[in-house]
Amino acid sequence: MAQLGCAQEYRAIIHWRGGSLPFASPSGSSLTSVKWTRTINETSEAAITIAKGTAGAECCGKLGQIEPYVHELTLYRDSELVWQGPVLRVTEKRTAFVIEARDVVEWLGRTNNTTLLRYVSTNPADPMHQGPIQEIAETIIRLNLEGGLFASSPDWPRMLDFIARQDDPTVTRFEKDGSADINTWIVPILQILDDELVPRGLEYTTVGRALLLGRPQTVADPAQARLGLDSFTGDIEIIRDGAAAASLVWVTNQNDQEIANTQYGVSGVVSAAYGRLDTLIRTQAEGLTAYDLWQIARGTYPGRNPVPTSLRVPDGARLTANAPVTMRQLVAGVRIDVAAPEMCMAVTQPYRLSDVEVEWSDTGEDVGISLVPIGYPFTSPPP
């Protein structure tokens with residue numbers, strides 16, 4: 001049976017932008033602490049601390065030349081690449097260097113969109129055609145990074161070869177332009193993903209250098225692992241919270257001052273158990289159709305009915321070394337089942353892995369995770 005195990009060592013390499021050409025590699029004895037995360041629909045972070053006294057003069061000189069966004073941080077857990085992304089900040093103290101970095105999603109947060117966002121064509125030969133929201137996300141990224149007037153070189157962050165997709169079967173149309181269909185929305189690519197595509201069903205995360213464009217997992221997707229209480233050290237918390245519950249999700253572009261010429265979208269089913277339990281989401285985005293609003297409602301509904309029962313590993317509680325899951329399987333967004341029949345809530349259900357937090361030092365490795373329940377989707381028909 002596969003197990004998480006306990007890392008024997010961590011190695012950190014500073015690469016030039018692109019993640020393949022090494023610049024500096026502090027010795028194992030000088031690397032005193034490592035922290036890194038994985039998360040869903042956000043930019044994950046990492047940080048290392050290097051003791052100057054054991055790094056040596058040559059390494060110290062190299063560390064003093066590290067530049068944010070010129071260099072990238074790469075982390076290896078034993079021999080496995082687990083994290084990579086551009087350096088954000090370098091701090092030198094009397095006795096130590098601290099290097100902080102963000103994953104490759106950071107490049108999308110620092111690159112403004114220069115393409116038309118008009119994915120309405122039904123012609124599959126048209127690069128900007130209707131399709132799975134994951135395909136639209138990749139196309140937006142690709143068209144912006146392939147080159148153009150403002151590119152220093154094609155694919156300057158070296159991301160395009162490392163994009164992987166798990167497409168939703170739903171065909172989506174998406175547009176964000178002016179009334180004449182000729183205006184470019186000049187915002188960071190990451191804002192397009194967060195504000196427009198995630199509400200329509202996109203999920204994104206990173207593993208090493210790979211950017212994964214996926215969809216929310218459902219009960220039809222296979223579990224990567226099945227954990228029990230003996231997979232955790234310390235305490236765990238099972239939380240049944242009605243704040244996020246809903247039998248119907250409504251999305252509207254109305255506001256308190258203007259209700260004329262506005263529309264709404266709704267997804268869900270009135271529950272016999274909960275009755276009419278509505279959640280209202282307002283959006284100020286312009287140019288949205290009833291179909292757009294329905295897409296947002298559809299993407300927001302899973303995980304609200306029944307009332308979500310979340311499992312959280314509090315600070316100080318971690319996965320055990322013999323937990324039946326490997327680090328390679330701990331990808332934000334995947335399904336992980338948990339069976340805890342000995343708890344009063346008797347949780348035995350599928351979850352989505354939302355966050356991974358890893359810390360390593362001379363005292364060993366701690367691996368913490370957070371899990372949220374997988375929703376049972378119900379989708380009302382589109383308008």
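A polar contact is a pair of N or O atoms within 3.5 Å; within protein, one must be able to donate a hydrogen and the other to accept it. The views below show a predicted model.

**View 1. Ser44 and its polar partners.** The side chains of Ser44 and Trp83 are joined by a polar contact of 3.1 Å. The Ser44 side chain also reaches the backbone oxygen of Thr37, at 3.3 Å. Ser44 sits in the loop between strand 3 (31–39) and strand 4 (45–51). Its relative accessible area is 2%, so Ser44 is buried, as the cut-off for buried is under 20%.

**View 2. The surroundings of Ser44.** Neighbours within four places in sequence are left aside here.

**View 3. Asn112 in its loop.** Asn112 belongs to the loop between helix 3 (105–109) and strand 8 (117–119). With a relative accessible area of 43%, Asn112 is partly exposed. Leaving aside neighbours within four places in sequence, Asn112 is in contact with Asn144, Ile186, Val187, Pro188 and Ile189. Ala220 is 108 residues from Asn112 in sequence. In space, the two are 37 Å apart, C-alpha to C-alpha.

**View 4. A nonpolar patch on the surface.** Three residues make up this patch: Trp16, Leu21 and Val70. Together they have about 260 Å² of accessible area. Val70 lies in the loop between helix 2 (57–63) and strand 5 (71–77). Val70 is partly exposed, at a relative accessible area of 34%.

**View 5. The salt bridge of Asp168 and Arg298.** Side chains of opposite charge can pair when their charged atoms come close. The structure holds 18 salt bridges. One of them links Asp168 with Arg298, with the closest N and O atoms 3.4 Å apart. Asp168 lies in the loop between strand 9 (163–165) and strand 10 (174–176), and Arg298 in helix 6 (residues 290–300), so this pair ties together parts that are 130 residues apart in sequence. Asp168 counts as buried, at 13% relative accessibility. Arg298 also counts as buried, at 17%.

**View 6. The salt bridge of Arg200 and Asp292.** Here Arg200 forms a salt bridge with Asp292, and the closest N and O atoms are 3.5 Å apart. Arg200 is in the loop between helix 5 (189–197) and strand 11 (203–207), while Asp292 is in helix 6, so the pair ties together parts that are 92 residues apart in sequence. Both Arg200 and Asp292 are buried.

View 7. The Asp278 and Arg276 side chains meet in a salt bridge of 2.9 Å, N to O. Asp278 counts as partly exposed, at 36% relative accessibility. Arg276 has 56% relative accessibility and therefore counts as exposed, since exposed means over 50%. Elsewhere, salt bridges that share partners join Glu138, Arg142, Arg165 and Asp167 into one network.

Notes: Residues are numbered from 1 along each chain as its sequence is written. This is a predicted model: local features need pLDDT of at least 70, side-chain atom pairs count only at pLDDT 80 or more; totals for chains, interfaces and linings use all residues. Side-chain values use heavy atoms; hydrogens and water are left out. Helices (H or I, at least four residues) and strands (E, at least two) are DSSP runs, numbered from the N terminus. Buried means under 20% relative accessible area, exposed over 50%, partly exposed in between (1.4 Å probe, protein chains only). Contact means heavy atoms within 4.5 Å. Patches are made of residues with over 30% relative accessible area and no salt bridge: like charges are joined within 9 Å, nonpolar side chains (Val, Leu, Ile, Met, Phe, Trp, Tyr) within 5 Å. Accessible areas come from the Shrake-Rupley method with a 1.4 Å probe; for residues, only the protein chains shown count as cover. A salt bridge is a side-chain nitrogen of Lys or Arg within 4 Å of a carboxyl oxygen of Asp or Glu.
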